[in-house]
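Colleague: I would like to go through this model with you, one topic at a time. Could you bring it up, please?

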Amino acid sequence: MANITTAPRGTQDIITTESYKWQFIEKMALENAALFGFKEMRTPTFEQMSLFKRSVGDDTDVVQKEMYEVRAEKGKDLYGLKPEGTAGIVRSVIQNNLLKGALPLKTCYVTSCFRHERPQAGRLREFHQFGVELFGPGSPSADVEVILVAKNLFDMLGLKNISLNINSIGCPECRKDYHAALKAYFEQYKDKLCPTCLERLDKNPMRILDCKSPVCSEIAKGAPVVTDYLCDECKEHFDGVKARLKALNISFEVNPKIVRGLDYYTKTVFEFISTDLGAQATVCGGGRYDGLVEQLGGDPTKALGFAVGLERLLLIMDAQGVTIPTPEVCDLYIASIGEDASIKACELTNMLRAEGFYIECDLMDRGVKAQMKYANKIGAKYSMVIGDSELESKKARLKDMTSGEEIEVALDESLTKKLYDITLSGQINKLTDEASADGLYELFAKGFNK
Ligand code: ATP
Ligand code: MG
């Protein structure tokens, strides 16, 4: 039995010293998507198992090997933890009649995903994705818009060396010929393919191209490529996508080997690859899924999207030394000696927090020395000590924890403005002149009381 204080294999805690990085990338991802008009959706962590079978696909590794099944009661409905974000979003879009509103419909999400894979760097059993889904348009411009959302995010974060690979895997029409060609090719290696791929041979031979077994993937290297089998419409669409990417000066490579691991894709598929990720090189995968909405019971609606793996995004940022803004630092620590001073500290803390300052006071009933040690540990910018004499004089010394400089401040409402002036100027000895500080204080107060 695993130790109960050990998290399940392949999962990761996001602890207090790390969470700001997640808050930052999620904020950037959502804000960037909003620039394109994508609005967030949140869907359940589990969905009916049959939803994943019908969308992601019965023959995919994800459904066949990687799903976490959830059964609330013996013999009752079988659910699955979501292995990706699209199926739930499409289900919700249909259920909530969102396609009856204005088209295109632009949605995005941040979610945990669950896949029972072999854990390694950049490959977890619970991981996080940011994704967008665009419903309605069949135009190549839509493909490029979706690609641009991802590219813009990487640019905004200052990432380098992320390359775009694209492919077209055609529509059900042109895929008939391609499937026949693949079948004929793989038939020659029937005795070497893994048992799963043998089963895929008749039903879904494209899935063999995505098999992780070394033997199957070696055989797959010589397989016919899908781009040689595209129908006129798919070819024209793909040309339209490439022409627009060129016009926008977005460098890309056509990689006819990309098939993606999920069954629902049609026409354009794409991946953003980073050289900073080792074996798990893909940071973002996406494409069109023109048949999925109808397949899940909605009105026929063209659609497309992508998902970025957030753990992999953070790995790239780390490797490239991208700085993430550090979280707020405590503006002021109010230390106190004795019961009455502790009450006063509470009161002042509350008053200043209401104005938007980050303030802490003693909660541990510690002596003043230990309180100051804590103020140092959390990196408080300023501190003050309140004892009997401060209570009596209604004044205290406000200390700059970096320079050691002190000034006297009154322990009343005027402290708010004083602290504002000081934190704005950054230093006690650089107090802004009263007039300009007054104006800024007004603005500041307005901002927090909105
Ligand atoms: P891979 O080829 O690396 O297995 P995939 O094709 O299975 O990826 P998608 O289903 O397209 O991946 O998911 C989109 C993104 O989610 C991937 O590009 C990756 O960044 C991330 N991702 C997928 N599986 C995992 C995982 N097990 N752990 C961490 N991130 C993952
Ligand atoms: Mg995978």
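Modeller: Strand β15 (residues 395–400) is joined to β16 by five bridges, and the two run antiparallel. Helices (H or I, at least four residues) and strands (E, at least two) are DSSP runs, numbered from the N terminus. Two strands pair if DSSP finds at least two bridges between them.

Colleague: What stands opposite lysine 399?

Modeller: Glutamate 406 in β16 stands opposite lysine 399.

Colleague: Before we go on, what should I know about the model and its numbering?

Modeller: The model is predicted, so local features need pLDDT of at least 70 and side-chain atom pairs count only at pLDDT 80 or more, while totals for chains, interfaces and linings use all residues. Residues are numbered from 1 along each chain as its sequence is written, chains are lettered from A and ligands numbered from 1 in the order in which they are written, and side-chain values use heavy atoms, with hydrogens and water left out.

Colleague: In what order do the five strands of the open sheet run?

Modeller: The order is β13-β12-β14-β15-β16, with mixed pairing. At the edges are β13 (359–361) and β16 (406–410), each of which pairs on one side only. On average, neighbouring strands of this sheet are turned by 25° against each other, direction ignored.

Colleague: Which strands does helix α12 touch?

Modeller: Helix α12 (residues 339–354) packs on the sheet and touches β12 (332–336), β13 and β14 (382–386); its direction makes about 165° with that of β12. Contact means heavy atoms within 4.5 Å. Axes are lines fitted to C-alpha atoms, for helices over the stretch in contact, and angles run from 0 to 180 degrees between N-to-C directions.

Colleague: And where does helix α15 pack?

Modeller: Helix α15 (residues 414–425) also packs on the sheet, touching β12, β13, β14, β15 and β16, and its direction makes about 150° with that of β16.

Colleague: What is the order of the open sheet of eight strands?

Modeller: That order is β1-β5-β6-β11-β10-β9-β7-β8, and the pairing is mixed. β1 (39–40) and β8 (253–254) are at the edges with a single partner strand each, so one side of each has no neighbour in the sheet.

Colleague: How many bridges join β5 to β6?

Modeller: 10 bridges join β5 (residues 105–114) to β6 (residues 126–136), and these strands run antiparallel. Serine 112 stands opposite histidine 128 in β6.

Colleague: Now the backbone. Which residues does the cis peptide bond join?

Modeller: The cis bond joins leucine 103 and proline 104, with omega about 0°. Proline 104 lies in the loop between α4 (86–95) and β5.

Colleague: And what is the phi of asparagine 161?

Modeller: Asparagine 161 has a positive phi of about 55°, although it is not a glycine. Asparagine 161 lies in the loop between α5 and β7. Most residues other than glycine have a negative phi, and most peptide bonds are trans.

Colleague: At what angle do the axes of α1 and α11 cross?

Modeller: The axes of α1 (residues 19–35) and α11 (residues 310–319) cross at roughly 105° and come within 11 Å. That makes α1 roughly perpendicular to α11, a term for angles of 65 to 115 degrees.

Colleague: Which residues meet there?

Modeller: Lys21, Trp22, Phe24, Ile25 and Glu26 in α1 meet Leu310, Glu311, Leu313, Leu314 and Met317 in α11.

Methods: Parallel < 35°, antiparallel > 145°, perpendicular 65-115°, else oblique.
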